[in-house]
Protein chains: 2
Amino acid sequence: MIIDGKVVAQELRNELKLEVQQLKEQHNITPGLTVVLVGDDPASHVYVRNKIKQTTEVGMISKEIRLAQTTTEAELIELLHGLNHDHSVHGILVQLPLPKHINEQVIITSIIPEKDVDGFHAMNSGHLLNGDAGALVPCTPQGCVILAKQHLGEDLSGKHAVIVGRSNIVGKPVSLLFLQENCTVTIAHSRSADLPSLCRQADILVAAVGRPLMIKADWVKSGATVIDVGINHITNEQGKDKLVGDVDFDEVSKVASGITPVPGGVGPMTIACLLKNTLRAAKQNL
Amino acid sequence: MIIDGKVVAQELRNELKLEVQQLKEQHNITPGLTVVLVGDDPASHVYVRNKIKQTTEVGMISKEIRLAQTTTEAELIELLHGLNHDHSVHGILVQLPLPKHINEQVIITSIIPEKDVDGFHAMNSGHLLNGDAGALVPCTPQGCVILAKQHLGEDLSGKHAVIVGRSNIVGKPVSLLFLQENCTVTIAHSRSADLPSLCRQADILVAAVGRPLMIKADWVKSGATVIDVGINHITNEQGKDKLVGDVDFDEVSKVASGITPVPGGVGPMTIACLLKNTLRAAKQNL
C-alpha cells in the first residue's frame, strides 16, 4: 500500500484551516508566518513560493521578506529582532541555505524559540529531548510520524522503529518522536555494522541518509512500514533527471505493507507541519 | 573483568586537579562550584557533603548554601539570579529533589545555561541533541561513556550500544553520547517487545531503569560490556538492606567481558564528571 503524502497533507491542511477560522472567530487572532529569503538560490525560491501559497490557503497571513545576496549577518539579525517583537508575526522562518558569509547557527539562535517554527533553536531541541509540552518540533520528523500513524493507527507502542541517518534536521528528532510514541528506537548510520540486518528488525523503517535507492528489498521485513525521507536527483537510463528516495521503491513496495513514495510522500508533509507549528505558536500567544 | 568506577573517578579527579592548578597559574582563576540545598532530605545531605569534599580536594572553591524547607520558589529564584551574576561562581547546582511546593523545572531554567553544571537546562539538552561543542552534558551519562572506554578503548565506532531506560537524566542523554561516539544506538524501555533479545544484541549494554537485578545472564551477549546505572535498595536473605544495580551482577559477570559493580561503578563517576563540568564552565569564561 502506498502511503500518499499529498492526500494526508491536504487533510491536515483542511483541519488547520478550520482551526485558523476558529481562532479568528473566538480570539480575533490570525496566525502569521514570515519567511525570510536571502539571495538567489533557485530551489529556495520554489520552496518559498509553495510555503506562501499554502499559508494563505489555510487562512494565515503570509509575509515574505527578500534580501540581497550581499546582506550582512548583522543586518539579518537586526531584521529578526524586529520580527521577534512584532506581535502580528507568530512564526519566523529563515530559508536555508544562507549565503556562506552568514553563520546559520547564529541566525537560528537569533529567532526567539516561541517563533522558531522550524524547530531548530537549541531551546526547542532541548524541549524535544526532554519531552516538554511546549516544544516546536522540526517539520519533516513530524510528517514522518503522521504518515506512519496513517498506515498503522494511532498506537505505535512497542513497535521497533529503525532510523537510518542521524542528522539534526531529521534522524535525531524523528528518533525522539518515535520514542515518545513508546516505540523501541534504533538509530543506525554510515558507521553501523551490518546495516541490512538492523533494518530487517524494523516494524517502522525511516530512511534519511540522502543515498539514492540504498535500501533494498532484502533489508526490509515483510509487512514493515517504510518512510522514505530521501530526496535525491539521479540520471535515469534515458539520460533524464529523476527524483528518487533512499529506498528502492519498486522492489521494497513488494515487501512492505506500507511505503511512502518519492515524490509525494514525506515532502508534502513538511510544509503542512510548518503551518501546524505556526498555528501552535499563535495559540501559545493566547 | 570488573570496571572499577572508584579507580577511574580518582584518575579523573587527579587530572582535574592538575588542570585546576594550571588555570590558577596561567589565568588566576579558581573554578567555583556552589551547591544549593533546600530542606532536610537526609540522602541529599550525604550527597552534598561528598560533593563539597571532592570539590575542595581538586582545588576548586566549594560553596554551600542551605535553605529552610519553607523557602519559597520566588526566594530560591532570587538567590539563583544573584549567583548567575556572581563572577566567582562558575557552576551552580541545586540539589534535587526539591520540596513539593517548588517547581523543579522552573528552578532548573532559572540557572543560566553557562553555569548549569548538572546539564539539565533545555539549552544544554538542545546543544547535546544537536552535537554542539558548548554543551554542558549531564554527569551520570558522561560517566557511563568514560567507563565503557576504560574497558574498550577510545574508539567505540560501530559498536551497538543498547540503552535500557529512557529518562531525561540518564537514558536519553547517554544514548546521544554513544551516538556521538559513532555507535549504533538502540533505546529500549518498559514498552519494548522482547527486551532480552534486544539486550543480547548489545556490544555495550547500559541498564538505567531502576529495577533491581532485572538484567539476567541470558540477556547478555558473551563478551559484552555492561554498564549498570541502577541504584536499588533491597532486603537480602538476612533481612538487611543491600544496594544492588539493575543487573544481576553475580550471574552477568560470568558472561560479560567487563561490568561495573554497584556500588563502586557508575556512582563515583557522577561527582567526578560534575567537577569536570565545573572546570569546563570556568574555562568557557576565559
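In chain B, K63(B) in β2(B) is the bridge partner of T34(B). Keep in mind that this is a predicted model.

Helix α2 of chain B, residues 42-57, lies across β1, β2 and β3 of chain B, and runs at about 160 degrees to β2(B).

Now the sheet as a whole. It is open, has 3 strands in the order β2-β1-β3 in chain B, and the pairing is parallel. β2 (61-67) and β3 (91-94) of chain B each have a single partner strand, so one side of each is left without a neighbour in the sheet. Direction ignored, neighbouring strands here are turned by 15 degrees against each other on average.

On to the interface. How much area do chain A and chain B bury between them? About 2,700 Å², with 54% of it on carbon and sulfur atoms. On the chain A side, L129(A), N130(A) and L179(A) lose the most area, together 21% of what that side buries.

Between the chains, the count is 20 residue pairs in polar contact, both at pLDDT 80 or more, and 0 salt bridges. α5(A) gives the most to the side of chain A that touches chain B, with 8 residues. By class, that side has 13 nonpolar, 16 polar and 3 charged residues.

Last item: β5(A) and β5 of chain B, residues 184-188, pair in the antiparallel sense over 3 bridges. There, V185(A) stands opposite I187(B).

Note on methods:
Residues numbered from 1 in each chain as written. Chains lettered and ligands numbered in written order. Predicted model: local features only at pLDDT ≥ 70, side-chain atom pairs only at ≥ 80, totals over all residues. Heavy atoms only, no water. Pairing = 2+ DSSP bridges. Helix = DSSP H or I, 4+ residues; strand = E, 2+ residues; numbered from the N terminus. Axes fitted to C-alpha atoms, helices over the stretch in contact; angles between N-to-C directions. Contact = heavy atoms within 4.5 Å. Buried area = accessible area lost by both parts, 1.4 Å probe. Salt bridge = Lys/Arg side-chain N within 4 Å of Asp/Glu carboxyl O. Polar contact = N/O pair within 3.5 Å; in protein donor to acceptor, adjacent residues only side chain to side chain. Nonpolar A, V, L, I, M, F, W, Y, C, P; charged D, E, K, R; others polar.
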